[in-house]
Amino acid sequence: MSARERIAGNVANYVDERTGAAAWMKKNLQKVFPDHWSFMLGEIALYSFVILLLSGTFLTFWFDPSMREVVYEGSYEPLKGLEMSAAYASALDISFEVRGGLLMRQIHHWSALIFMAAIVVHLLRVFFTGAFRKPREFNWIIGVGLLTLGIVEGFLGYSLPDDLLSGTGIRIAEAILQAIPLVGSYLSYFLFGGVFPGVTFIPRIYTLHILIIPGIFLALITVHLMLVWYQKHTQYPGPGRTEKNVVGYPLMPVYMAKAGGFFFIVFGVTAFLGAVASINPIWLYGPYTPGQISAGSQPDWYMGWLDGLVRMAPPIEPVIFGYTLSLNILIPGLIIPGILFTGMALYPFIEQWITGDKREHHLLDRPRNAPNRTALGAMALTFMLIALINGGNDLIATNFDLSINQIMWFSRIGIIVLPPIAFIVTKRLCLSLQRADRELVLHGRETGRLVMMPSGEFVEVHEPISPEKAWLLTQHEQNAPLQLEEKDARGVRRPGLLKSKLRKRFAIAHAEQVAKPTVEDLKEIEHH
Amino acid sequence: MRSLSRYRRHRAVAPLLLIFALLGIGTTFQVAGAATTSPMTAEERTAAIEEGKEIFLRGCSSCHGLNAEGGAIAPSLIGVGAASVDFQVATGRMPMADMSQQAMRKTPIYNDEEVAALAAYVASLAPGPEIPSEEMLNYERDGEIAEGGELFRTNCAMCHNFAGQGGALTQGKYAPSVMGVKPVHIYEAMITGPQSMPVFSDKTLTPKEKLSIIKWIKAAEKEPQLGGVALGRVGPVTEGLLVWTLGLGLLIGIAVWLAAKAK
């Protein structure tokens with residue numbers, strides 16, 4: 001034993017005797033995680049969050065969240081001498097006077113965009129592979145909560161500099177708030193401390209943005225990760241992988257190195273974007289004045305779908321008992337997002353209700369083997385994508401020489417017609433892929449080699465696939481739809497018949513599959 | 001004098017005299033030439049109007065009518081003034097290439113002289129806004145950049161975007177980018193209100209304020225790409241596009257690569 005090893009051993013022993021950490025560490029550092037690129041999407045979000053904390057802390061050193069009127073005397077000539085809020089002036093100072101300030105601002109903002117994008121792709125991975133199934137329903141709900149919180153946090157963040165674009169965004173948020181029947185105007189007064197824009201809003205959202213919401217974030221992320229730790233990570237199906245084991249590499253040293261390295265890669269890509277590409281050039285927008293507005297005022301992408309929905313809403317504003325009801329804002333701004341996010345949060349329970357499956361699942365589904373769920377996801381994505389595209393309708397109109405009205409009508413009709421079409425097409429695609437899998441197992445791989453038989457017939461040579469592949473293609477369960485008796489054992493009709501009927505229909509639709517090849521099928525083929 | 005006359009038969013006299021004579025002729029032409037750019041004489045104006053009318057009959061009358069009285073598809077030009085003609089024709093908007101939603105900026109078909117003639121002809125039909133002179137357009141001297149920015153954001157940005165990059169209007173119409181437009185044409189656009197644009201009279205925006213706006217636009221053209229590639233200066237849409245393509249593309253690509261290496 002070398003001297004260095006002895007010293008290290010002594011230090012470790014000293015700590016262990018006082019904390020008893022060794023046993024815990026040994027157990028947990030050897031924890032095994034499965035390996036797949038799609039399991040790193042959530043990591044991108046996590047690392048972006050760390051980058052956001054670091055760069056955000058830097059920005060707080062100089063940002064002054066105050067609506068005090070100041071005269072700009074900084075080095076950006078086109079704004080010199082203008083009256084503006086201290087918030088905007090200090091954001092300009094971060095950009096132009098603070099060393100490395102602009103880079104940090106841009107890293108912070110790019111990181112926020114990457115954070116949200118990574119959350120979305122992570123969510124899609126979890127959804128399409130069925131990773132939200134029991135016992136992970138709570139973690140799914142926490143994830144939906146993090147997504148929602150991210151949207152709010154991002155919006156508050158780019159609202160802080162008090163430039164023309166951010167002020168426009170706050171104005172729209174105020175409009176959505178005011179559209180709430182009965183309490184809308186009170187809520188607005190409450191939040192803005194009086195009439196828009198007032199002087200209290202920016203300081204208030206600053207506290208929310210840098211303290212409250214990051215705190216909630218930290219707590220939720222911790223629970224999110226602890227649940228992953230405790231429930232163990234899901235894995236893709238494959239030979240040797242069961243519902244009872246996890247096949248992969250230990251945390252130490254493989255994932256420590258990998259995850260640590262990946263953190264720096266994420267930081268690198270974010271810093272690269274921050275260094276080469278301008279984001280939120282607040283000095284071009286100018287200070288916010290309620291009387292000004294710019295063409296092409298858009299929110300950041302994660303709010304773009306919301307803007308798109310508002311942009312396509314028909315102008316319905318009925319007056320009821322002398323009060324205007326702004327349905328044109330209320331429906332796209334609150335009701336539809338509410339339905340979407342509630343539905344998303346409850347989806348694990350909805351699927352459970354449809355399938356009646358109360359078992360735990362640690363093996364992931366291949367999306368094609370859950371056609372109904374995959375189709376549902378494609379349908380939701382189509383809806384969101386059309387809304388998002390309509391959010392940029394003015395830029396699409398000018399760049400592709402189209403009429404903004406045509407795009408609006410395309411979106412209005414498309415958002416109703418296209419999602420169901422996406423559902424049907426995706427479901428058919430999944431079933432076709434299942435059929436292709438079945439063919440592959442039964443008849444093997446097409447080699448592309450043509451053989452001419454003595455009779456003159458041409459035959460393509462098929463090669464049998466490997467047992468591992470065959471296992472992968474046939475390992476999934478194919479459950480029959482949930483059987484619901486209309487009458488119980490005593491011949492009494494179950495209550496809530498309509499609900500049961502609906503459940504039955506959903507169950508049948510959900511269980512629609514192309515039968516996977518059985519051993520008998522294979523034997524019969526081999527017989528020929 | 002006597003001493004000078006002594007050299008009158010010197011051999012350098014002839015070349016020297018030639019040089020003086022040439023200089024004299026040159027100067028005379030210079031002065032005479034300069035005189036032609038000063039305000040037109042009545043005769044010259046008449047000639048220009050005649051020429052302009054001819055161009056008008058050839059190139060414009062099929063839509064705007066033989067007497068510029070307008071028609072089913074084009075407005076009357078009586079009273080629109082020289083400034084309107086200069087803006088529409090010198091920026092290539094008129095004559096239109098086709099009957100699309102609105103006339104777009106393109107390489108002008110007529111040269112400066114022809115534009116001036118056309119302007120003179122249309123101005124002769126009825127009084128209207130005139131082409132601002134060089135002296136009126138000294139925006140570097142008379143404009144104020146920060147004020148121009150505020151005025152631009154208050155009056156122009158709602159259609160032309162915060163950085164003057166243009167934006168969409170209804171039914172396929174659009175507010176064009178104001179980048180790379182000659183100051184005189186910006187000024188003319190403000191006083192004549194071409195196509196969907198409103199007129200900004202001298203009561204709405206004083207001439208000095210107009211010059212401030214021009215000064216700000218010219219500064220925006222030269223604005224360096226602070227913070228990296230400007231991404232078109234159209235707001236968050238291109239930023240979102242970049243993050244989903246390059247940003248997330250790179251990161252997922254690397255994730256796939258990392259997972260593949262582990263095998």
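**Domains, helices and the chain interface**

Guide: Chain A is divided into domain 1, residues 31-291, and domain 2, residues 366-478 + 513-528. Please note that this is a predicted model.

Visitor: What separates the centres of domain 1 and domain 2 of chain A?
Guide: Taken over C-alpha atoms, the two centres are 35 Å apart.

Visitor: And how many residues of domain 1 of chain A are in contact with domain 2 of chain A?
Guide: Seven residues of domain 1 of chain A are in contact with 10 residues of domain 2 of chain A. The domain 1 side of that contact has four nonpolar, three polar and no charged residues.

Visitor: What does chain A span along its principal axes?
Guide: The C-alpha trace of chain A spans about 90 × 80 × 65 Å. Chain A has 528 residues, of which 37% are buried, and there are 19 helices and eight strands in the chain.

Visitor: What share of the contacts in chain A comes from residues 24 or more positions apart?
Guide: Such residues account for 72% of the contacts in chain A with a separation of 6 or more.

Visitor: Let us turn to helices. How many residues of α1(A) are buried?
Guide: The number is zero of 17, so α1(A) lies largely in the open. Helix α1 of chain A, residues 3-19, reaches 24 Å from its first C-alpha to its last, close to the 24 Å expected at 1.5 Å a residue. A:G20 follows α1(A) and has a positive phi, near 65°.

Visitor: Which residues of α3(A) are buried?
Guide: Among them are A:L41, A:I44, A:L46, A:F49, A:I51, A:L52 and A:L59. The buried residues of α3(A) also include A:G42, A:S48 and A:S55. Helix α3 of chain A covers residues 41-60, and its 20 residues reach 28 Å from the first C-alpha to the last, close to the 28 Å expected at 1.5 Å a residue.

Visitor: Now strands. In which sense do β7(A) and β8(A) pair?
Guide: β7(A) and strand β8 of chain A, residues 458-463, pair in the antiparallel sense over five bridges. A:V451 has A:V459 in β8(A) as its bridge partner. The hairpin of β7(A) and β8(A) has five residues between the strands, and A:G456 takes a positive phi near 100° there.

Visitor: Why does β7(A) lie largely in the open?
Guide: Strand β7 of chain A, residues 445-452, has eight residues and the number buried is zero, so the strand lies largely in the open.

Visitor: Moving to chain B, into which domains is it divided?
Guide: Chain B is divided into domain 1, residues 42-125, and domain 2, residues 135-222. Their centres, taken over C-alpha atoms, are 23 Å apart. In chain B, 13 residues of domain 1 are in contact with 11 residues of domain 2. The side of domain 1 of chain B that touches domain 2 of chain B divides into five nonpolar, six polar and two charged residues.

Visitor: How many residues of chain B are in contact with chain A?
Guide: 50 residues of chain B are in contact with 57 residues of chain A. The largest share of the chain B side, 16 residues, comes from α12(B). By class, that side of chain B has 31 nonpolar, 15 polar and four charged residues.

Visitor: What does the model score for ipTM and pTM?
Guide: The scores are ipTM 0.91 and pTM 0.89. For chain B the mean pLDDT is 89, and 93% of its residues reach 70 or more.

Technical notes:
Residues numbered from 1 in each chain as written. Chains lettered and ligands numbered in written order. Predicted model: local features only at pLDDT ≥ 70, side-chain atom pairs only at ≥ 80, totals over all residues. pLDDT = per-residue confidence, 0-100. Contact = placed C-beta atoms within 7 Å. Helix = DSSP H or I, 4+ residues; strand = E, 2+ residues; numbered from the N terminus. Nonpolar A, V, L, I, M, F, W, Y, C, P; charged D, E, K, R; others polar. Buried ≥ 20, exposed ≤ 12 C-beta atoms within 10 Å, placed from the backbone. Domains from an automatic or database assignment. Pairing = 2+ DSSP bridges. Expected span 1.5 Å × (residues − 1).
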